Amino acid sequence: MPGIVITGHGGFASGLLQAVEQVVGPQPYCVAVNFPEQMSTAELKAALISALAEVAQPDGVVFLTDMLGGSPFRCASELADAQGHCEVLTGVNMQLVAEMMLERDGLSLDEFRELALACGKRGLTSLWHERRRVKCEDVQTDGI
């Protein structure tokens, strides 16, 4: 089971973890590291180093970040490069995190990464698209 560090701007990380745990329950080896406006990137990196040590697992650690190119992503990427046995995923949302919390037991870092990307792509949709998908499924079922 990979450890998880969620990080992002403002209160994104702690808010996301709290919301996910409300849905799927408490998560072992998972911490949130916020990046409030008054925090420096050096302080963020130190907090991420501490979080990495807290959740380290034989299967590795996954950093889940809010946006590509932001300070949380860059700091997590530097740590992943320096430490090894880490993955950094960015652009995460609640659906992706909730599903991955339920699926992460027994996954390697590579498997976690690929499953998370597929989950994220599947989870980004619209009401219009979902209605069309349901209509298509209904037509296929009725036609059998």
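T7 has V33 in β2 as its bridge partner, and I6 has A32 in β2 as its bridge partner. Strands and helices here are DSSP runs numbered from the N terminus, with at least two residues of E for a strand and at least four of H or I for a helix. This is a predicted model, in which local features need pLDDT of at least 70 and side-chain atom pairs count only at pLDDT 80 or more, while totals for chains, interfaces and linings use all residues. Residues are numbered from 1 along each chain as its sequence is written, and side-chain values use heavy atoms, leaving out hydrogens and water.

Now the strands. How many bridges join β1 to β2? Six bridges connect β1, residues 3-9, with β2, residues 30-35, and the two run parallel. Two strands pair if DSSP finds at least two bridges between them. Strands of a sheet pair through backbone hydrogen bonds, either parallel or antiparallel.

The sheet is open and has four strands in the order β2-β1-β3-β4, with parallel pairing. At its edges are β2 and β4 (86-90), each pairing on one side only. On average, neighbouring strands are turned by 20° against each other, direction ignored. For angles, axes are lines fitted to C-alpha atoms, for helices over the stretch in contact, and values run from 0 to 180 degrees between N-to-C directions.

Next, the helices on the sheet. Helix α1 lies across β1 and β2, running at about 145° to β2. Helix α2, residues 41-55, packs on the sheet and touches β1, β2, β3 (61-65) and β4; its direction makes about 175° with that of β2. Contact means heavy atoms within 4.5 Å.

Which helices come within 9 Å of each other by their axes? They are α4, residues 94-103, and α5, residues 109-123, and their axes cross at roughly 140°. That makes α4 oblique to α5, because angles under 35 degrees count as roughly parallel, over 145 as roughly antiparallel, 65 to 115 as roughly perpendicular and the rest as oblique. In α4, the residues that meet α5 include L96 and M100, and those in α5 that meet α4 include F112 and L115.

Last, the record. An unreviewed UniProt entry carries the annotation "domain: PTS EIIA type-4" for residues 1-124. In the model, that span is 53% helix and 19% strand, and its end C-alpha atoms lie 25 Å apart. UniProt positions are given in the numbering used here, feature names are shortened, and annotations may be inferred rather than shown by experiment.
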